[in-house]
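Please keep the sequence and the structure in view while reading.

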2 protein chains.
Amino acid sequence: MSTVAGCELCEQEGGIPVFRNDVLRVIRADDADHPAFYRVIWNAHVAEWSDLSAAERATMMAAVLQVETVLRNCLKPTKVNLASLGNVVPHLHWHVIARFDWDARWPAPVWAPKQRQVPDAVQRLALPLKELDQRVAFALKAR
Amino acid sequence: MSTVAGCELCEQEGGIPVFRNDVLRVIRADDADHPAFYRVIWNAHVAEWSDLSAAERATMMAAVLQVETVLRNCLKPTKVNLASLGNVVPHLHWHVIARFDWDARWPAPVWAPKQRQVPDAVQRLALPLKELDQRVAFALKAR
């Protein structure tokens, strides 16, 4: 598998491990403001989504879809945000984030300045995070 | 086609028209800081990516791929950023943005605060925007 020395996502898991197979993994970001924040990370080092083959893109987007679907079913978020940016860590990963109209940056993207303090964000979710992680992992394994 | 009264992307084109077919359109955002900023907009009103059928998702992501590929081939950007957010306008659209290490917000996402003034951003692109629009439209028509 292609890895690059010094790349954070080649050398580290990148967050709280939720699921892993041969080609990709899902982690949860530890973000108190946006607790239902997952990333689908391609295991091999590629920078751009269009660097993947058609079959690989389909595999990755199926995983993104599974995470989005679990977040929608379990949390009924106001909106799901999807993004592949990678400006700082150019190793392909998709952010999949459940957004709520009460969250710290709503309606701005999570990368915008904070608009309010929401210290109990994690308690406002309909499920404990560990159970949410299990649902995400189960959905990915079931594919 | 499903439309919603008061929805900006049901009632307006949403930017500079580049391409349109029965199910989707591509517009260019008029963003002086990030001039190579396109959006793939689903014509019918759906909020979430997972509201589309598998075939519709494939159609939409093929268009996103085409735009990304043209931006990479024509501009050699430092990175391409892809995002489906829709917090403010919950009508499914994908942002496809060519990012450069000299741009006004690099390496932050385009939604973060501006870090520097780059008044000549459009002139720094390898192609005039009208020609870039034509290349995008040509790629979409060729599908």
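## A strand pair across the two chains

In β4(B), residue B:L82 is the bridge partner of A:S84. This bridge belongs to a pairing between strand β4 of chain A, residues 79-84, and β4(B), which run in the antiparallel sense and are joined over 3 bridges. The model discussed here is predicted, and the values in this report should be read as computed from that model.

## How the two copies are related

In general, two copies of a chain are related by a rotation about an axis together with a shift along that axis. Here, chain B is superposed on chain A by a rotation of 180° with 0.0 Å of shift along its axis, and the RMSD of that superposition is 0.0 Å. The two copies are therefore related as by a two-fold rotation axis.

Which residue of chain B comes closest to the rotation axis? It is B:A83, whose C-alpha lies at 2.0 Å from the axis.

## The interface between chain B and chain A

In the interface, 33 residues of chain B are in contact with 33 residues of chain A. Because 100% of the interface residues of chain B are also interface residues in chain A, the copies meet through the same surface. Between them, chain B and chain A bury about 2700 Å², and 57% of this area is on carbon and sulfur atoms.

How many salt bridges does the rule find across the interface of chain B and chain A? There are 4 of them, and one salt bridge joins the side chains of A:R72 and B:D51, with a distance of 2.8 Å from N to O. Polar contacts between chain B and chain A, counted where both residues have pLDDT 80 or more, come to 22 residue pairs.

Sorted by class, the side of chain B that touches chain A consists of 19 nonpolar, 7 polar and 7 charged residues.

## Details of the backbone

Most residues other than glycine have a negative phi, and most peptide bonds are trans. Against this background, A:K76 has a positive phi of about 45° although it is not a glycine, and A:K76 is placed in the loop between α2 (54-75) and β4 of chain A.

A cis peptide bond, with omega at about 0°, joins A:W106 and A:P107, and A:P107 sits in the loop between β5 (93-99) and α3 (121-124) of chain A. In chain B, the peptide bond from B:W106 to B:P107 is also cis, with omega near 0°, and B:P107 is found in the loop between β5 and α3 (121-124) of chain B.

## A hairpin in chain B

Within chain B, strand β1, residues 16-20, and strand β2, residues 24-28, pair in the antiparallel sense over 4 bridges. These two strands, β1(B) and β2(B), form a hairpin with 3 residues between them, and B:P17 stands opposite B:I27 in β2(B).

Technical notes. Residues numbered from 1 in each chain as written. Chains lettered and ligands numbered in written order. Predicted model: local features only at pLDDT ≥ 70, side-chain atom pairs only at ≥ 80, totals over all residues. Heavy atoms only, no water. Least-squares fit on C-alpha atoms with pLDDT ≥ 70 in both. Contact = heavy atoms within 4.5 Å. Buried area = accessible area lost by both parts, 1.4 Å probe. Polar contact = N/O pair within 3.5 Å; in protein donor to acceptor, adjacent residues only side chain to side chain. Nonpolar A, V, L, I, M, F, W, Y, C, P; charged D, E, K, R; others polar. Pairing = 2+ DSSP bridges.
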